[in-house]
Structures are given as structure tokens and as C-alpha cells.
Amino acid sequence: MFQVSLKNNKTFTCDSNTTIFEAAKTAGIFLEHSCLTARCRSCVVKVADGATKDKLDDLVLSVDEKAQNFALSCNSIPTTDLLLDVEDLGNVTLYDKKIVPAKIQAIQKLTDDVIKVSLRLPPNANFKYNSGQYVNLIKGSLKRSYSVANAFKEKTSLEFFIKKYENGLMSQYWFEEAKENDLLRMEGPLGSFFLRESNYNNIIFLATGTGIAPIKAILENIEAASSDFKDKQFLVFVGARYKEDLFWEPNLENNNIEIKYIPVLSRQKADWSGEQGYVQDAVLRHHINLEHSQVYACGSNEMIQSAKEVFIKNKLSESNFFSDAFVATN
């Protein structure tokens, strides 16, 4: 049995067959995470002292990162006592994962390749989540992950933005077969993408595609508790290729919080006077003081890694960058 210590002096034990993340969870200590299958980077930790081995082949971290002792907590098993240069999630309430039945309440076409799906749960489901988290939706033998696109409220339906992927098995169901009252199963809540306490005035959100879903949920949650955020500025950068790919924007007229919405188009050349290029570059063009900001990024893994690298170079603290990468599954 090995002892694992965090930089905020919390400790737990981990045996030689258990990953760091699972051992921490067993001890009631929660670390940053998302997919828990060694396919994204949300659970990257720096091993300040000690050694680990991989449970599965690691195709996420680069050779240089491994040489610098970075590891995935969901995939790393200790071979010695460890000191990790990371803190836990603190006093955030994480609800237990459960599987509940869900029926399709409505399907709405938003663009040629994005739909909005609303699911209703049984009255006794008692399903709770933190705004920003995701769930697995299960239809037969297929299981895919989707972020919940609305804030938690008692006895309400759950909304999802679902993108069509070419040759995607679940896409075939959603876009060709799904209908109202279809019965599915829902597993969750999952992930650690939700708003953290902060003394910073600037809260920056970045999204590409359906990555806006958890950000929409977080903003709805903020608006419901607007008095707690009256001194903060929320900037929402949404990346798409063309104007017709934009399917959501905040309701700025009725908001009780200050939201600045900046759509960014990467391929639109004509009939567009707004921001162009990539969302991370657009943030830099707005000259925001990143040293006094928090950033929440959701969408493609490429965007997230690029944004993190360029923001840290521009004085954003690495501990103030939170992300949830969407990883496609066929």
C-alpha cells in the first residue's frame, strides 16, 4: 500500500492495482476528471515525487510531458509513495452516479447537423447534478457521453445538444430513428466541469460546437444566483465555421448578470463583421487581463490544448484553466 499526498496536504492510500483517481475517490477525495478512460486530458497531474505505471496504453500525453513526470490520474497506478503537485476539488458536492430511465420528450432541429433533445425522468428519479457535468445516454448496447445543457432544477427535463457525426452509430439513432417517448437509460452525473469559487472579476468561457452545452447550463445557474456574481464579468467566446453553425446565444436583454457574447467564425469570409479565426486567438485580441481571470473551455481537444498553451504564455495561472474535451466515439 502506497501513500499519495497532494500539495494541499491531503493524503490517501492506494494499492498496486488501483488508479490514483479511484483510490482518491474511495477516500472521499475528488480530483479533476472527465472521461476516466485515458482519452482526454482533464485528469492530468504532475508527479512531484515518486513513480507510477500506466494501467492502459497512454496515447494522450506526449513524450516530453511524460519525461516531465505528468500522468493521468485515471490511468496511473503508483509503484512508490507519491507527492502530486495538484489539489483536490475541495468542498464541492459531487452526487453519486446512478442509472435511471429517461424518455424522449422532444427533438428539435437546430442546424443541419445539431439537434436539441429533451428528456424527462420518472418523478422518483431524484437525479441531481452540478451545472456543467455530463451523463452517458444508453440506447441498447450503445452508450455515448453528452453534457447537460440546462441548469439543475427539481422536477424538470434535461436538455442536450447533439451533433451528427458521419458514420456514427449513435448519430444514426438520433438523426434517423429517435422519436418522442423512446425509452433510454441515463448514467451520471459525471465529470468535474463546473464553476469554481473565485475572487477574479473576469470569467471567460470558450466553446466550439456543442461544447456550448455545459457553459449554457453554468450560465443559467449563475443567473439564478445573480446576487453572488454582481461584480463579475462573464465573457462567452463561441467558435464555429459559418454563421449557420451558430445555434445558441445568451439572452442578454433579461440577464441579471453582465455577459459579453462573442461569436467567432473560422471560415466565413463574406457577410460577417464579427470576430474571425479561432476562439483562443479572439480572446487575446480583446486584451483581457488573464492574470486575473478564470477560463472554462469545452469542445474539441485541439482547441482546448491550444487555448491552454497560449493563455498560460499570457500569464493565466494553470490552476485557473478548466476544461472538458469532447472525444468522438464511433
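1. The chain has 330 residues, for which a compact globule would have a radius of gyration (taken over C-alpha atoms, with the globule rule of 2.2 Å times the number of residues to the power 0.38) near 20 Å, and the chain agrees, with 20 Å. Its C-alpha atoms fill a box of roughly 55 × 50 × 40 Å along the principal axes.

2. This is a predicted model, in which local features need pLDDT of at least 70 and side-chain atom pairs count only at pLDDT 80 or more, while totals for chains, interfaces and linings use all residues. Residues are numbered from 1 along each chain as its sequence is written, and side-chain values use heavy atoms, with hydrogens and water left out.

3. The secondary structure comes to six helices and 19 strands, where helices (H or I, at least four residues) and strands (E, at least two) are DSSP runs numbered from the N terminus.

4. Of the 330 residues, 48% count as buried, meaning under 20% relative accessible area with a 1.4 Å probe, protein chains only.

5. Leaving aside neighbours within four places in sequence, Ile212 is in contact (heavy atoms within 4.5 Å) with residues including Phe161, Val236 and Trp248.

Conventions. Buried means under 20% relative accessible area, exposed over 50%, partly exposed in between (1.4 Å probe, protein chains only).
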